[in-house]
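Please look over the sequence and the structure first.

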Amino acid sequence: VAHSSRALVMREARHPDVVYFPREDVSVASLARSATSSWCPYKGEASYFSLRADVVVADIAWSYETPLPAMREIAGHVAFYANKVAVEDA
């Protein structure tokens with residue numbers, strides 16, 4: 001679904017690392033925006049995506065389309081839930 005040498009790794013206290021892939025490095029044709037959204041006081045509003053392939057996996061990824069100013073680096077990036085996909089260092 002994604003392959004990148006430009007991914008960002010976000011480290012947060014008490015949370016596992018999260019890999020944010022540049023949107024250009026994600027097969028967005030296999031993702032569909034879902035109705036889910038959430039709010040993070042540090043990053044802003046997240047939009048969610050479901051995988052559309054042989055099966056549908058709901059809310060497999062998220063993105064901060066317009067993150068808060070302190071997190072603007074993750075704008076245009078997509079992150080995946082580690083319990084729904086394998087994120088591997090190739």
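The sections below describe selected residues, the nonpolar cores and a pocket.

## Basis of the report

The structure is a predicted model. All values given here were computed from its atoms.

## Asp59 and its polar partners

Asp59 belongs to strand β5, which covers residues 56-63. Its phi angle is near 45 degrees, a positive value in a residue other than glycine. Asp59 counts as buried because its relative accessibility is 18%, and buried means under 20%.

Ser34 lies in strand β3, and its side chain is joined to that of Asp59 by a polar contact of 2.6 Å. Thr36 is also found in β3, and a polar contact of 2.8 Å links its side chain with that of Asp59. Ser34 has a relative accessibility of 19% and therefore counts as buried, whereas Thr36, with a relative accessible area of 31%, is partly exposed.

The wider surroundings of these two residues can be described in turn. Leaving aside neighbours within four places in sequence, Ser34 is in contact with Tyr48, Phe49, Ser50 and Asp59. Thr36 and Ser47 are 11 residues apart along the chain, and their C-alpha atoms are separated by 6.5 Å.

## Lys84 and the segment after β6

Lys84 is located in the segment after β6. With a relative accessible area of 38%, Lys84 is partly exposed. Not counting residues up to four places away in sequence, Lys84 touches Val57, Ala58, Asp59 and Ile60. The C-alpha atoms of Lys84 and Asp59 are separated by 9.1 Å, although the two residues are 25 residues apart along the chain.

## The nonpolar cores

The largest nonpolar core has 10 residues in all: Met10, Val18, Tyr20, Cys40, Ala46, Tyr48, Trp62, Tyr64, Ile74 and Ala79. Strands β2 and β4 (44-52) each supply at least two residues of this core. Another core, of nine residues, lies apart from it and includes Phe21, Ile60, Ala61 and Phe80.

Ala46 is one of the members of the largest nonpolar core. With its neighbours within four places in sequence left aside, Ala46 is in contact with Thr36, Ser37, Ser38, Trp62, Ser63 and Tyr64. Trp62 and Tyr64 are themselves among the residues of that core.

Val19 is found in strand β2. Beyond residues up to four places away in sequence, Val19 touches Ala7, Leu8, Val9, Val78, Ala79, Phe80 and Val87. Val19 and Val87 are 68 residues apart in sequence, and the C-alpha to C-alpha separation in space is 7.9 Å.

His77 has its place in strand β6, which comprises residues 77-80. Its relative accessibility is 11%, so His77 counts as buried. A polar atom of the His77 side chain lies 3.0 Å from the backbone oxygen of Ala75. Not counting residues up to four places away in sequence, His77 touches Leu8, Tyr20, Phe21, Pro22, Arg23, Trp62, Ser63 and Tyr64.

## The second largest pocket

About 380 Å³ of space lies in the second largest pocket. Its lining consists of 18 residues, of which Glu12, Val18, Tyr20, Trp62 and Tyr81 lie nearest its centre. The elements that give two or more residues to this lining are β2 (18-22) and β3 (31-40).

By class, the lining has 13 nonpolar, two polar and three charged residues.

## Arg14 in the loop between β1 and β2

Arg14 lies in the loop between β1 (8-10) and β2. The phi angle of Arg14 is near 65 degrees, a positive value in a residue other than glycine. Its relative accessible area is 86%, and Arg14 is therefore exposed. Asp59 also has a positive phi, but Asp59 counts as buried.

Key:
Residues are numbered from 1 along each chain as its sequence is written. This is a predicted model: local features need pLDDT of at least 70, side-chain atom pairs count only at pLDDT 80 or more; totals for chains, interfaces and linings use all residues. Side-chain values use heavy atoms; hydrogens and water are left out. Helices (H or I, at least four residues) and strands (E, at least two) are DSSP runs, numbered from the N terminus. Buried means under 20% relative accessible area, exposed over 50%, partly exposed in between (1.4 Å probe, protein chains only). A polar contact is a pair of N or O atoms within 3.5 Å; within protein, one must be able to donate a hydrogen and the other to accept it, and residues adjacent in sequence count only if both atoms are side-chain atoms. Contact means heavy atoms within 4.5 Å. On a 1 Å grid over the protein atoms alone, a cavity is a set of points where a 1.4 Å probe fits but cannot get out, and a pocket is an open set with protein on both sides within 12 Å along at least five of seven lines; lining residues have an atom within 4 Å of a point. Grid points are joined across faces, edges and corners, and a volume is the space filled by probe spheres set on the points. Ala, Val, Leu, Ile, Met, Phe, Trp, Tyr, Cys and Pro count as nonpolar, Asp, Glu, Lys and Arg as charged, and the others, Gly among them, as polar. A nonpolar core is a set of buried Ala, Val, Leu, Ile, Met, Phe, Trp, Tyr and Cys residues joined through side-chain atoms within 4.5 Å.
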